[in-house]
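Here's a quick tour for anyone who likes to know the cut-offs behind the words. Have the viewer open as you read.

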Amino acid sequence: MNMKYTAAQLTGLVLLRIIVGWHLLYEGLSKLIDPYWTSAGYLSESKWIFASLLRSLARNPHVLAGVDFVNIWSLIIIGTFLIAGLFTRVVSYSGMILLLLYYIAYPPLVGIESPFAAGGRHLLINWTIIEAAALFVLALFPTGGMIGVDRLIFRHGRPSE
Amino acid sequence: MENERKYSRRDIIKALATLPVFGLFAFEFLKKVAYDRWKKKAVLSELDLKRPAPAVVTRTSPEHSGPQVRLGIIGFGRRGEQIAQSLGFAHPDWIAKRKRNNRLEPWLAQKDLNVAITGIFDVFDVRAGYAQTVIKNKINPGDGSPVEKVKRYRSYRDMVTSDDIDAIIITTPDFHHATMAIAAVNEGKHVYCEKCMTRTEEEVYRVEAAVKAAEKSKGVVFQVGHQTTQNEVFQRAKEICDKEILGKITLVETSSSRNTPDGAWVRHLDENGNLRPGDARSIDWKEWLGSAPRVPFSQERFYNWSKYWDYATGLSGQLFSHEYDAANQLLGLGIPLSCVASGGIYYYKDGREIPDVFHATFEFPDRELTLFYSASLASSRPRRRVLMGHDAWMELGEYLNVFADTHSTRYRAKIRDGIVVPSRPMVSYQPGSQGIDAITSASEQYYAARGLIYTYRDGQRVNVTHLHLQEWLDAIRGGTPLSSPIEAGVEVSIACHMATKSYRESRRVEWDPVRRRIV
């Protein structure tokens with residue numbers, strides 16, 4: 001599948017890719033350098049139907065350490081690769097899944113209050129799901145093959161596969 | 001390679017076009033890190049605090065290589081069972097429940113204190129039998145081998161004279177503490193006595209005299225069950241107080257807020273509302289009453305003894321004693337000069353004698369400070385311990401926060417420069433943020449929020465009672481210092497009894513330091 005974007009479309013998509021990548025990279029790095037950060041609070045307060053599963057993750061210190069490690073490095077790698085345009089499609093989907101995991105812990109449904117909600121008022125839709133949707137778009141309209149390292153890995157001029 | 005790609009300059013430029021973003025990112029990121037560090041350093045150097053220690057504090061007490069200590073437990077009610085758990089002995093049902101909830105591991109990781117519980121005394125057959133199951137259980141932390149034989153004593157008098165026992169833990173209702181503690185130390189037994197150390201003022205002096213004499217003549221080690229100070233947060237709070245970061249402290253506010261029947265000592269019913277076991281045949285009522293006024297057997301009094309003056313001092317001895325101990329150890333308050341207490345029975349119209357809403361104000365003119373305690377058993381609105389100084393105030397519970405005062409003299413410049421924001425904590429300390437454990441019951445939550453249950457050592461959540469007992473055992477084996485010795489026990493119990501006396505006599509009471517009496 002060979003996509004042709006107009007210059008404006010390509011600029012818009014690459015800009016979106018960089019913005020989302022920047023955000024995820026900073027989320028990951030800031031957690032990495034914070035000796036006190038842990039996902040324990042987030043997991044143990046989680047709501048909705050996955051609550052018991054997520055809470056059980058927080059209860060075991062070894063599992064929790066694993067969750068924290070995977071979370072931090074997923075954010076850093078996904079963020080870096082999005083900015084660089086490396087394996088764009090794969091990391092877009094990965095990022096989307098990661099964000100959906102955050103979302104299901106505290107979906108802003110009627111009757112569910114999240115202590116971690118910030119930056120506005122949300123009903124069903126919050127920033128997490130918006131960012132996940134953005135990554136879905138980036139996966140469907142990949143740009144790494146045009147502006148990004150994917151251009152060197154995959155045949156030039158073609159989107160990553 | 002045949003399909004070797006040839007990249008044009010255009011390809012290279014387009015492939016690497018976004019890489020400069022990393023430069024900008026790195027620049028901004030490092031700027032942010034440097035800014036945060038600078039701000040933190042500016043605050044910490046001003047306060048002469050080192051960078052907050054990581055969440056893990058290494059245990060400093062010696063290893064338990066000394067001889068095994070043979071313990072006797074008097075009273076195996078709820079607290080007796082908790083003490084046994086802290087020592088490494090638990091009931092199979094409790095273990096199974098913990099296992100189901102994924103919470104057994106921290107307990108199994110608890111240090112083996114190298115003790116044997118060789119004797120148990122409880123007036124209630126059911127609890128005495130239960131205690132034996134607990135003590136004989138084979139699943140223990142470390143390689144502690146449970147004793148096969150545990151003797152059930154029919155009287156505490158036999159236990160204190162027994163040669164099979166080195167040390168005694170008293171976890172009975174408060175009115176027995178003094179008699180039992182005195183009997184035990186007179187026989188040269190080390191004693192760990194639960195709070196409140198005594199029920200009456202007069203008993204304080206008798207226990208003090210007996211313990212001091214036994215310390216001198218028999219080398220007895222006596223510790224009161226005020227475990228709060230073992231909390232890591234508390235140790236950091238002490239550093240903050242010692243460094244006078246708060247400025248001149250003139251007001252200390254402490255409180256208790258609970259809102260469950262269990263928290264209000266209505267404990268004769270189980271979770272399903274059924275009467276708990278126990279009758280005149282299975283409970284040695286005469287022994288239970290001891291020297292208390294004779295009354296017919298009463299299950300209500302047996303389970304809910306905290307509600308009656310004959311057996312305890314209610315909020316003052318049960319909960320305030322911890323609060324006073326905390327403030328006393330932070331600030332070295334000693335005994336207050338005066339106390340005014342008030343309150344009433346406003347919610348639990350169940351025939352209780354002790355108030356369910358209770359407040360006490362203590363004055364320390366020498367220290368130029370007031371300590372205020374406020375308690376309710378009918379509202380669980382959380383109120384943290386707060387130490388208020390001219391320059392800053394400190395909230396202290398499971399974590400601690402220090403906020404600069406908007407009108408502080410010392411931090412004026414830092415507030416003006418935006419380095420310190422009064423609405424946000426200047427110093428914050430949250431121990432063990434790398435791990436979490438679930439806390440279930442409301443009463444447990446009450447204690448946990450006040451730092452009475454858990455603290456962190458070596459990255460593990462550790463029961464503070466375990467640490468407090470360990471400190472006592474270390475002192476028995478190696479003469480190491482105690483955090484709640486008799487002197488602290490006297491100060492705390494006198495403060496509690498001042499509040500009780502003031503409430504019961506509806507008047508301001510004072511401490512006469514010369515005659516050493518509450519007047």
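What follows covers the ground rules, then chain A, then some rings and strands in chain B.

## Ground rules

This is a predicted model, so local features need pLDDT of at least 70 and side-chain atom pairs count only at pLDDT 80 or more, while totals for chains, interfaces and linings use all residues. Residues are numbered from 1 along each chain as its sequence is written, chains are lettered from A and ligands numbered from 1 in the order in which they are written, and side-chain values use heavy atoms, with hydrogens and water left out.

Chain A has seven helices and zero strands (DSSP runs: H or I of at least four residues for helices, E of at least two for strands, numbered from the N terminus). Of its 161 residues, 46% are buried, meaning under 20% relative accessible area; exposed is over 50%, and partly exposed is in between (1.4 Å probe, protein chains only). Chain A exposes about 8100 Å², with carbon and sulfur atoms supplying 72% of that (Shrake-Rupley, 1.4 Å probe; for residues, only the protein chains shown count as cover).

On the surface, L32(A), I33(A), F69(A), V70(A), W73(A) and I77(A) form a nonpolar patch with about 560 Å² of accessible area together. Patch members need over 30% relative accessible area and no salt bridge, and nonpolar side chains (Val, Leu, Ile, Met, Phe, Trp, Tyr) are joined within 5 Å; a salt bridge puts a side-chain nitrogen of Lys or Arg within 4 Å of a carboxyl oxygen of Asp or Glu. Helix α4 (residues 61-84) of chain A gives the largest share, four residues. I33(A) sits in the loop between α1 (7-32) and α2 (40-44) and is partly exposed at 47%.

How many aromatic pairs does the structure hold over all chains? There are 27, counting Phe, Tyr and Trp rings (six-membered for Trp) with centres within 6.5 Å; planes under 30 degrees apart are stacked, over 60 edge-to-face, the rest tilted. One of them, F175(B) with W288(B), is edge-to-face at 5.2 Å and 70 degrees. This pair links helix α8 (residues 174-186) to helix α11 (residues 285-289) of chain B, 113 residues apart.

F175(B) is buried at 4% relative accessibility, and W288(B) is buried at 4% too. W285(B) and W288(B) are stacked, because their centres are 4.8 Å apart and their planes at 10 degrees.

## Chain B: a strand with two partners

Strand β8 (residues 338-344) of chain B pairs antiparallel with β9 (residues 357-364) over seven bridges, and with β17 (residues 509-512) over two bridges; pairing takes at least two DSSP bridges. S338(B) bridges E363(B) in β9(B) and E510(B) in β17(B).

Technical notes:
Patches are made of residues with over 30% relative accessible area and no salt bridge: like charges are joined within 9 Å, nonpolar side chains (Val, Leu, Ile, Met, Phe, Trp, Tyr) within 5 Å.
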